[in-house]
Amino acid sequence: MRFKFFLVLFFCTVFFSPLTFVYGQTDLSGRPVNTFSRSYGRTGVFLDTGLYRLDTEAIANPAPLNQWQTTTLVYDFKAGYITDNHVYFGAEFSSRSDNQISLNSTAGATTGLGVGFFSDKGLHFRAYYLFNSTFGNYGNGDGYKIDLGYMKNMTANFFLGVSLAHAQTTYRSNPMIFAFDTWNRRETYPALNLGVIFN
């Protein structure tokens with residue numbers, strides 16, 4: 001409940017703040033506020049984060065001992081550099097948790113290095129090589145991730161957007177499973193993205 005409250009508060013702050021009305025405004029130096037394409041047309045350090053949350057609930061009749069709930073949270077933290085030609089070079093750290101209420105909780109994390117491209121119209125594409133991936137008892141994982149998304153500037157340097165991510169990871173160790181070979185995990189999920197660029 002607290003998470004939903006802060007999410008609603010954030011959206012209200014962004015969309016109803018005077019700072020979000022960028023047309024005809026100037027920044028602190030008196031220059032016009034840049035559009036998305038002009039902002040990304042300059043070189044700069046770009047920091048952004050993605051958030052995905054899924055709540056699932058199933059109840060059978062009779063309800064006692066037949067109720068199942070799970071919450072999945074994925075946080076993607078990215079840091080990169082955008083060149084004059086809109087080419088992106090960066091790194092990512094992703095953290096996730098799968099909480100099955102009253103039963104178990106599984107956490108995981110991964111690190112990635114990637115390249116991408118940001119178009120003048122706000123569309124972007126990024127591809128990452130993932131390594132040092134873990135998920136519960138599974139470890140020694142590597143793979144790839146592809147992000148396709150759209151971002152729009154809300155102020156001169158602050159951006160809000162959405163993306164669709166597809167990741168595939170192969171885990172090569174699990175001390176809890178005898179004679180373990182490999183385990184392949186694939187997932188596709190949407191995310192809300194927040195970003196800021198420093199020029």
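In which strand is Val 45 found? Val 45 lies in strand β1, which spans residues 44-59; helices (H or I, at least four residues) and strands (E, at least two) are DSSP runs, numbered from the N terminus. The model is predicted, so local features need a pLDDT of at least 70 and side-chain atom pairs count only at pLDDT 80 or more, while totals for chains, interfaces and linings use all residues. Residues are numbered from 1 along each chain as its sequence is written, and side-chain values use heavy atoms, with hydrogens and water left out.

The confidence of the prediction is given by pLDDT, the predictor's confidence in each residue, from 0 to 100. The protein chain averages a pLDDT of 80, and 75% of the residues score at least 70. Over residues 1-26 the pLDDT is below 50, and this stretch has 34 contacts in the model beyond near neighbours in sequence; a contact means heavy atoms within 4.5 Å. Residues 32-41 also have a pLDDT under 50, and for them the model has 37 contacts beyond four places in sequence. Where pLDDT is low, the predicted coordinates should not be read in detail.

The protein chain contains two helices and eight strands. Along the sequence these elements follow the pattern α-α-β-β-β-β-β-β-β-β. Of the contacts in the protein chain with a separation of 6 or more, 56% are accounted for by residues 24 or more positions apart. Buried residues make up 36% of the 199 residues in the protein chain, where buried means under 20% relative accessible area, exposed over 50%, and partly exposed in between (1.4 Å probe, protein chains only). Accessible areas come from the Shrake-Rupley method with a 1.4 Å probe; for residues, only the protein chains shown count as cover.

Strand β1 pairs with two other strands, β2 and β8; two strands pair if DSSP finds at least two bridges between them. With strand β2 (residues 67-82), β1 runs antiparallel and is joined by 16 bridges. Within this pairing, Gly 50 has Asp 76 of β2 as its bridge partner. With strand β8 (residues 183-198), β1 pairs in the antiparallel sense over seven bridges, and Phe 46 stands opposite Ile 197 in β8. Strand β1 also holds Tyr 52, which is buried because its relative accessible area is 17%. Leaving aside residues up to four places away in sequence, Tyr 52 touches Thr 72, Leu 73, Val 74, Tyr 189 and Pro 190. Tyr 52 and Tyr 75 are 23 residues apart in sequence, with their C-alpha atoms 6.7 Å apart in space.

Val 45, by contrast, is partly exposed, with a relative accessible area of 37%. Together with Leu 47, Tyr 81 and Phe 198, Val 45 makes a nonpolar surface patch of about 350 Å². Patches are made of residues with over 30% relative accessible area and no salt bridge; like charges are joined within 9 Å, and nonpolar side chains (Val, Leu, Ile, Met, Phe, Trp, Tyr) within 5 Å.

A further antiparallel pairing joins strand β5 (residues 123-135) to strand β6 (residues 138-153) over 10 bridges. The two strands form a hairpin with two residues between them, and Gly 136 in the turn has a positive phi of about 60°. In this pairing Tyr 128 stands opposite Lys 145 in β6.

The structure holds 11 salt bridges, each being a side-chain nitrogen of Lys or Arg within 4 Å of a carboxyl oxygen of Asp or Glu. One of them joins Arg 96 to Glu 187, with the closest N and O atoms 2.5 Å apart. This pair links distant parts of the chain, since Arg 96 is in strand β3 (residues 87-100) and Glu 187 in strand β8, 91 residues apart. Arg 96 is buried, with a relative accessible area of 12%, whereas Glu 187 counts as partly exposed at 22% relative accessibility. Glu 187 also meets the side chain of Arg 185 in a salt bridge (3.7 Å, N to O); Arg 185 counts as buried at 17% relative accessibility. Another salt bridge is formed by Asp 147 and Lys 145, whose closest N and O atoms are 4.0 Å apart. Both Asp 147 and Lys 145 are buried. Salt bridges that share partners join Asp 76, Lys 78, Glu 92, Lys 145 and Asp 147 into one network.
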